[in-house]
Amino acid sequence: RDAYAAAKAKDTGDDLLRASHDLKGQATTFEYPLIARVASSLCKLFDELKSHDAIPHAIVDAHVDAIRVIFREKIKDISNRTALALVEELEARVREAVERASSKG
């Protein structure tokens with residue numbers, strides 16, 4: 001994320017997307033289903049918008065920050081109301097960004 005923030009380019013974006021895919025696939029194995037869900041939302045953002053110029057970087061940062069908090073606080077319970085509200089809000093922001101991009105193009 002830091003490399004992507006410093007240079008929003010295809011290679012740094014691809015690296016961040018690859019890391020997101022890894023987290024999406026492996027977080028549940030380590031009992032972090034909410035991290036898997038956040039990573040899935042971040043993957044959707046990259047997959048749907050494709051152009052790095054179209055990706056709202058604040059949403060990327062919010063996803064990365066959410067993953068860090070969930071891990072730091074060891075939130076493994078999918079019924080944690082606060083974490084669940086955060087995940088749902090991130091997913092809503094991704095849907096909005098995708099809808100905005102599709103209406104422009």
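This is a predicted model: local features need pLDDT of at least 70, side-chain atom pairs count only at pLDDT 80 or more; totals for chains, interfaces and linings use all residues.
Reader: Where do glutamate 31 and lysine 74 lie, and what is the phi of each?

Author: Glutamate 31 is not a glycine, although its phi is positive at about 65 degrees. Its place is the loop between α2 and α3. Lysine 74, likewise not a glycine, has a positive phi of about 55 degrees and belongs to the loop between α4 and α5.

Reader: Are glutamate 31 and lysine 74 buried or exposed?

Author: The reading rests on a cut-off: exposed means over 50% relative accessible area. Glutamate 31 has a relative accessibility of 51% and therefore counts as exposed. Lysine 74, with a relative accessible area of 60%, is exposed too.

Reader: How is the burial of a helix such as α3 to be read, and which of its residues are buried?

Author: An α-helix has 3.6 residues a turn, so residues three or four places apart point the same way. In α3, the buried residues are Leu34, Ile35, Ala36, Val38, Ala39, Ser41, Leu42, Cys43, Leu45, Phe46 and Leu49. Their cover includes α1 (2–6), α2, α4 and α5 (81–104).

Reader: At what angle do α2 and α3 pack, and which residues meet?

Author: The angle is about 145 degrees, and the axes are 8 Å apart. The crossing of the two helices, α2 and α3, is left-handed. From α2, Gly13, Leu16, Leu17, Ser20, His21, Leu23 and Lys24 take part; they meet Ile35, Ala36, Ala39, Ser40, Leu42, Cys43, Phe46 and Asp47 of α3.

Reader: How many aromatic pairs are counted, and how are the rings arranged?

Author: Two rings pair if their centres lie within 6.5 Å, and planes under 30 degrees apart count as stacked, over 60 as edge-to-face and the rest as tilted. The count by this rule is 1 aromatic pair. The ring centres of tyrosine 32 and phenylalanine 71 are 5.5 Å apart and their planes stand at 45 degrees, so the pair is tilted.

Reader: Which parts does this pair tie together?

Author: Tyrosine 32 lies in the loop between α2 (10–26) and α3 (33–49), and phenylalanine 71 in helix α4 (residues 57–72), so the pair links parts that are 39 residues apart in sequence. Tyrosine 32 is buried, at a relative accessible area of 9%.

Note on methods: Residues are numbered from 1 along each chain as its sequence is written. Side-chain values use heavy atoms; hydrogens and water are left out. Rings of Phe, Tyr and Trp (its six-membered ring) pair if their centres lie within 6.5 Å; planes under 30 degrees apart count as stacked, over 60 as edge-to-face and the rest as tilted. Helices (H or I, at least four residues) and strands (E, at least two) are DSSP runs, numbered from the N terminus. Buried means under 20% relative accessible area, exposed over 50%, partly exposed in between (1.4 Å probe, protein chains only). Axes are lines fitted to C-alpha atoms, for helices over the stretch in contact, and angles run from 0 to 180 degrees between N-to-C directions. A crossing is left-handed if the near helix is turned anticlockwise from the far one by less than a right angle, and right-handed if clockwise. Contact means heavy atoms within 4.5 Å.
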